[in-house]
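Work through the exercises below with the coordinates open. Each task is followed by a stepwise solution.

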Amino acid sequence: MNKYAEASLMVVTDCSGKDSPDIRSAWGNAINTLSVYDEGCPKVAFIGLCSEGMVKGIPANSYGLKRGAKNKRYAVDAAKLLLSGHDMDIPSLWEKVTDKKIVHNGQINIVIRLYQAELLQFPE
């Protein structure tokens with residue numbers, strides 16, 4: 001499993017069911033526990049899913065994300081595709097959610113892992 005995907009599951013376990021979870025702090029703790037570099041792209045992708053209310057057990061909230069964050073958009077669009085029945089194929093998903101030829105940096109791994117764990121939902 002991708003380390004960032006693993007971190008996302010750790011954050012959901014830590015924050016699920018809390019009214020005002022500290023997603024950023026929980027992400028930092030997970031990243032430190034896994035001894036991995038705190039890369040911005042996967043972090044924003046995960047926090048973006050949480051901010052939209054797409055992660056079960058995590059209430060929708062801005063969680064400090066800037067408006068129009070592209071990695072949030074990539075993750076949200078990929079999650080909607082998966083929830084609508086799209087295959088869990090990383091290259092195919094990535095191609096559908098990006099507007100140019102760029103290499104993904106774990107964002108799609110997070111979306112797929114949350115989907116596999118049945119932790120994704122359409123926003124309310």
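**Exercise 1.** Determine which residues of helix 3 are buried.

Solution. Residues are numbered from 1 along each chain as its sequence is written. This is a predicted model, in which local features need pLDDT of at least 70, side-chain atom pairs count only at pLDDT 80 or more, and totals for chains, interfaces and linings use all residues; side-chain values use heavy atoms, with hydrogens and water left out.

Step 1: locate the element. Helix 3 covers residues 40-51; helices are DSSP runs of H or I with at least four residues, strands are runs of E with at least two, and both are numbered from the N terminus.

Step 2: apply the cut-off. Buried means under 20% relative accessible area (1.4 Å probe, protein chains only). The residues that pass are Pro 42, Lys 43, Ala 45, Phe 46, Ile 47, Gly 48, Leu 49, Cys 50 and Ser 51.

Step 3: Nine of the twelve residues are buried, so helix 3 is largely enclosed by the rest of the structure.

**Exercise 2.** Find what covers the buried residues of helix 3.

Solution. Search for contacts, meaning heavy atoms within 4.5 Å. The cover includes helix 1 (3-15), helix 2 (23-34), helix 4 (70-83) and helix 6 (107-116).

**Exercise 3.** Compare the span of helix 3 with its expected value.

Solution. The expected span is 1.5 Å times one less than the number of residues. From first C-alpha to last, helix 3 reaches 16 Å, close to the 16 Å expected. Just after helix 3, Gly 53 takes a positive phi of about 75°.

**Exercise 4.** State how many helices and strands the chain has.

Solution. The chain has six helices and zero strands. Its C-alpha trace spans about 35 × 35 × 30 Å along the principal axes.

Key:
Buried means under 20% relative accessible area, exposed over 50%, partly exposed in between (1.4 Å probe, protein chains only).
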